[in-house]
Amino acid sequence: MNTKAIIGAKVELPYSVEEAINRLRINVSFFGSDVRKIMIISSEPNEGKSFVAMSLWRQMALAGEKSILVDADMRKSVMVENYKIAREDGKELWGLSHYLSDNKKLIDCILSTDMPAGDLLPNVNNIINPSMLLESDRFAGLLNDLAAEYRYVFLDVPPLGLVSDAERVGHLCDGAILTVRSGVTPKGIIRSSVAQLERAGCPLLGIVLNRAGAGKGAYYHKYYGKYYGKYYGKKYYTDKYYAEKK
Ligand SMILES: Nc1ncnc2c1ncn2[C@@H]1O[C@H](COP(=O)(O)OP(=O)(O)OP(=O)(O)O)[C@@H](O)[C@H]1O
Ligand SMILES: [Mg+2]
């Protein structure tokens with residue numbers, strides 16, 4: 001039995017945001033049963049990866065799909081702090097870096113939550129250079145074990161533009177959702193992120209246009225979280241695509 005987490009911060013999103021995430025969840029469910037390990041990525045810092053990853057995981061779990069959110073941003077994890085996560089039994093919290101570097105048992109690092117279908121693998125200790133850990137067989141094995149146990153494994157990672165962690169993680173994933181900060185992320189940078197994912201052999205499942213209209217008030221929530229998954233979904237990763245390929 002996994003230890004239960006207390007999540008101190010309440011996650012309450014405006015209706016329109018809930019709706020946008022809900023559409024994203026539905027689109028993700030169309031990718032087909034081979035798409036299980038999904039990395040949430042962005043080109044630059046602060047585009048909303050962690051927010052989208054947490055919200056998508058939550059909605060998927062609420063919909064009854066067994067899902068785990070893995071905080072694979074071991075350089076600058078914010079999940080535990082932002083959401084005020086603690087163990088219900090009051091013991092010390094362990095996470096991904098403990099599992100990978102201290103040989104802790106997985107069962108001692110994964111947390112269950114109030115959602116029967118939603119588990120968390122947080123990261124507690126940030127480390128300066130997690131590259132070797134992300135390249136280790138232990139990490140690849142972990143992702144495969146999780147994908148066998150959970151319908152969806154969502155991975156929150158550092159941005160593509162800064163360090164190569166995301167390429168390492170993406171190489172092991174079935175696809176990536178690219179978070180783009182509307183009106184802020186330059187097109188050229190988005191293009192180079194798409195190329196980076198391609199080089200890493202990680203199919204781009206779709207693009208989330210996040211934080212649209214931020215600062216302009218009126219459109220802030222309206223366009224938040226627009227999802228452009230159709231084209232990529234059809235092209236790469238639907239059952240129909242596989243059927244056509246055969
Ligand atoms: N749609 C949104 N509406 C309002 N605020 C948002 C939205 N998405 C993200 N934010 C806020 O923007 C900030 C950055 O979001 P988040 O931490 O999810 O980005 P990130 O891409 O994970 O950043 P990093 O690259 O540092 O990991 C946070 O304060 C978050 O609450
Ligand atoms: Mg983040």
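Modeller: What follows is a short walk through this predicted model.

Colleague: Let's start with the ligand. How many residues surround ligand 1, and which are the closest?

Modeller: Ligand 1 is surrounded by 15 residues, and the closest of them are Pro 45, Gly 48, Lys 49, Ser 50 and Phe 51.

Colleague: Which element gives the largest share of that shell?

Modeller: That is helix α2, which covers residues 49–62 and contributes 3 residues to the shell around ligand 1.

Colleague: And what is the make-up of the shell by class?

Modeller: Around ligand 1 there are 5 nonpolar, 5 polar and 5 charged residues.

Colleague: While we're in that region, where is Asn 46? And what is its phi?

Modeller: Asn 46 sits in the loop between β2 and α2, and its phi is near 70°, which is a positive value in a residue other than glycine.

Colleague: Is Asn 46 buried or exposed?

Modeller: Asn 46 is exposed, because there are 11 other C-beta atoms within 10 Å and the cut-off for exposed is 12 or fewer.

Colleague: Which loop holds Lys 84, and what is the phi there?

Modeller: Lys 84 is in the loop between α3 (79–82) and β4 (85–87), and it has a positive phi of about 50° although it is not a glycine. Lys 84 also counts as exposed, with 11 C-beta neighbours inside 10 Å.

Colleague: Switching to helices, what span should α1 have?

Modeller: Helix α1 runs over residues 15–29, so at 1.5 Å a residue its 15 residues should span 21 Å, and this agrees with its end C-alpha atoms, which are 21 Å apart.

Colleague: Which residues of α1 are buried?

Modeller: The buried residues of α1 are Ala 20, Ile 21, Leu 24, Arg 25 and Val 28. Seen down the axis of α1, these buried residues fall within an arc of 145°, so they line one face of the helix.

Colleague: Why would spaced-out positions end up pointing the same way?

Modeller: An α-helix has 3.6 residues a turn, so residues three or four places apart point the same way.

Colleague: Now the strands. How many residues of β8 are buried?

Modeller: Strand β8, residues 175–181, is mostly covered, with 6 of its 7 residues buried.

Colleague: Which strands does β8 pair with?

Modeller: Strand β2 (residues 37–42) is joined to β8 by 5 bridges and the two run parallel, with Ile 41 opposite Leu 178 in β8. Strand β9 (residues 204–210) also pairs with β8 in the parallel sense, over 6 bridges, and there Thr 179 stands opposite Val 208 in β9.

Colleague: What do β8, α8 and β9 make together?

Modeller: With helix α8 (residues 187–200), strands β8 and β9 make a right-handed β-α-β unit.

Colleague: Last one, β6. Which way do its residues point?

Modeller: In strand β6 (residues 118–121), Gly 118 and Leu 120 point one way while Asp 119 and Leu 121 point the other way, and all are buried.

Colleague: And what pairs with β6?

Modeller: Strand β3 (residues 67–71) pairs with β6 in the parallel sense over 4 bridges, and Leu 69 stands opposite Leu 120 there. Strand β5 (residues 111–112) pairs with β6 in the antiparallel sense over 2 bridges, with Ser 112 opposite Asp 119, and a hairpin joins β5 to β6 through 5 residues.

Technical notes: Residues numbered from 1 in each chain as written. Chains lettered and ligands numbered in written order. Predicted model: local features only at pLDDT ≥ 70, side-chain atom pairs only at ≥ 80, totals over all residues. Near = placed C-beta within 6 Å. Nonpolar A, V, L, I, M, F, W, Y, C, P; charged D, E, K, R; others polar. Expected span 1.5 Å × (residues − 1). Buried ≥ 20, exposed ≤ 12 C-beta atoms within 10 Å, placed from the backbone. Arc of directions from axis to C-beta. Pairing = 2+ DSSP bridges. Right-handed = clockwise from strand over helix to strand, strands pointing away.
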